[in-house]
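Biologist: I'd like to learn how to read a protein model. Could we take it feature by feature, starting with the aromatic rings?

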Amino acid sequence: MSAPPARTTARSTTTPSPGKIITAACVGNALEWYDIAVYSYFATYLSKVFFTDDDPALALLLTLGTFGVSFLIRPVGALVLGSYADRAGRKAALTWSIGLMALGTLLICVMPSYAAIGAAAPVGILLARLIQGFAAGGEFGSATALMVEFMPNRRGFAASWQFTSQAASTLLAALLGTVLTSTLSEEQLTSWGFRIPFLIGLLVAPVGLYIRRNVPEPPAAAEPESTRAPVRTLLREHKAGVLLTIGLLAVTTCLNYLITYIPTYATKTLGLPDSTGFVAALAGGLVLLAVTSVAGHFSDRVGQIAIMIPAAGAVLLLIYPMFALLVAAPSLALLIGVVMVMALFKACYYGPMGALMAGIFPAGTRATGMAVGYNIGVTVFGGFTPMIAAWLLDTTGQSAAPAYWVAFAAVASLTSLFVLRRRTMHPR
């Protein structure tokens, strides 16, 4: 990257409208989560096209493994782009991240099949996912910092739009999955139909790039402390904050990636039709879209932790019974109900979380701290969740086994929440 631009030239004396701030911050996040959802939803078709067809089960495992491996580079992206945001400005880092995400999506759109180029196909898909993972590493911290610094009196509501945009993206991906699997044949989907959602996602990038280049820097990013070495300061003074952020992410990101795994789980484990899982994911996306920002707004009144602890506790207590019920009587109606309940708990937890995380770090290391903690948490509890779910199903022989991983994540999040409350690291 080039040297940081002069920060003063990026400032504006006019504060942009809340709508412009939220749109600029969330457009890249929306593209990131859209691509994640599309890759997970269409994993079965990706495995047939880009990975070995000698063993379908192995091909699917490799596809999900590639999905997970790409998350290993996210902490690197968090350090590079997060520290860049704290040094050069939020806008500069956000412009880089959306450009790189678009490049990764383009590679998936044009990648030839395994039958055409052999082992170069899965390598190319891995490269595309690594580029997207690096870009996504700096996205959350920079975008969330931008919103809470422009709207400090409505931190919960502002930061919740990060997650509302994720819900909207997941909803769009599920809608496209439902339409495509309902209207195209298996042969058409495998031949060309699976590329359509990636092409649609690619169209978002130019619009997002334009919006981000025309939003000013928030005033807090101009503070003198933001010009210091953010990574060194973070590692020296805020290690506990990073660990707590990782814990906060555990249950919600685990739930999120389990929901994206639902279409594969519905067909491979429950034996339901292909479109069933997409319909359930669509219903879950509607709940997330409707509830997330409401929970964020409410948290500005009662406090973030007061909402998040009951939500995480409900997940811990109810996740296994819900899966056991689903396995005992698999049906479209019950699958929709279970996914909607999971989405409700997730939305109540998700909405207030961004504001809570932002309050852990000062402005000078906020983008770096949130980016590093967020992406390590997403790597551990998110990116490998589909593969861990598949592994638990295979090794235990229990169709409800994915619930064990979610319950573990819930314990990790509750631990962080209780530590935060006891240490009063956040005023609420």
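Modeller: Rings of Phe, Tyr and Trp (for Trp, its six-membered ring) pair if their centres lie within 6.5 Å; planes under 30 degrees apart are called stacked, over 60 edge-to-face, and the rest tilted. By this rule the count here comes to seven aromatic pairs. Keep in mind that this is a predicted model, where local features need pLDDT of at least 70 and side-chain atom pairs count only at pLDDT 80 or more, while totals for chains, interfaces and linings use all residues. Residues are numbered from 1 along each chain as its sequence is written, and side-chain values use heavy atoms, with hydrogens and water left out.

Biologist: How is a pair of aromatic rings described?

Modeller: By the distance of the centres and the angle of the planes. Take F42 and Y45: their centres are 6.0 Å apart with 45° between the planes, and that makes a tilted pair. F50 and F194 are edge-to-face, at 5.6 Å centre to centre and 80° between the planes.

Biologist: Where do F50 and F194 lie?

Modeller: First, how elements get their names: helices (H or I, at least four residues) and strands (E, at least two) are DSSP runs, numbered from the N terminus. F50 is in helix α2 (residues 43-50), and F194 is in the loop between α10 (186-193) and α11 (195-202), so this pair ties together parts that are 144 residues apart in sequence. There is also an aromatic cluster, made of F381, W405 and F408.

Biologist: Are F50 and F194 buried or exposed?

Modeller: The rule goes by relative accessible area: buried is under 20%, exposed is over 50%, and partly exposed is in between (1.4 Å probe, protein chains only). F50 has 0%, so it is buried, and F194, also at 0%, counts as buried.

Biologist: Which residues touch the most other members of the largest nonpolar core?

Modeller: The general idea is that in soluble globular proteins, nonpolar side chains tend to be buried together. A nonpolar core is a set of buried Ala, Val, Leu, Ile, Met, Phe, Trp, Tyr and Cys residues joined through side-chain atoms within 4.5 Å. The largest one here has 112 residues, and those touching the most other members are F50, L248, I319, L335, M342, Y349 and L417. Helix α14 (residues 239-268) gives the largest share of this core, 16 residues. Apart from it lies another core, with 12 residues, including A25 and M151.

Biologist: What does L335 touch?

Modeller: Contact means heavy atoms within 4.5 Å. If you skip residues up to four places away in sequence, L335 touches I262, A266, L270, L272, T276, G277, A280 and L326. The C-alpha atoms of V291 and L344 are 7.2 Å apart, although the two residues are 53 apart along the chain.

Biologist: Which residues form a nonpolar patch on the surface?

Modeller: Patches take residues with over 30% relative accessible area and no salt bridge; like charges are joined within 9 Å, and nonpolar side chains (Val, Leu, Ile, Met, Phe, Trp, Tyr) within 5 Å. Areas come from the Shrake-Rupley method with a 1.4 Å probe, and for residues only the protein chains shown count as cover. Here L316, L317, L318 and V411 form a nonpolar patch with about 350 Å² of accessible area together. Three residues, the largest share of the patch, come from helix α16 (residues 304-328). L317, in that helix, counts as exposed at 66% relative accessibility.

Biologist: How many salt bridges does a search of the whole structure find?

Modeller: A salt bridge is a side-chain nitrogen of Lys or Arg within 4 Å of a carboxyl oxygen of Asp or Glu. The search finds one: E186 with K48, whose closest N and O atoms are 2.4 Å apart. This pair links distant parts of the chain, with E186 in helix α10 and K48 in helix α2, 138 residues apart. E186 is partly exposed at 36%, and K48 is partly exposed at 39%.
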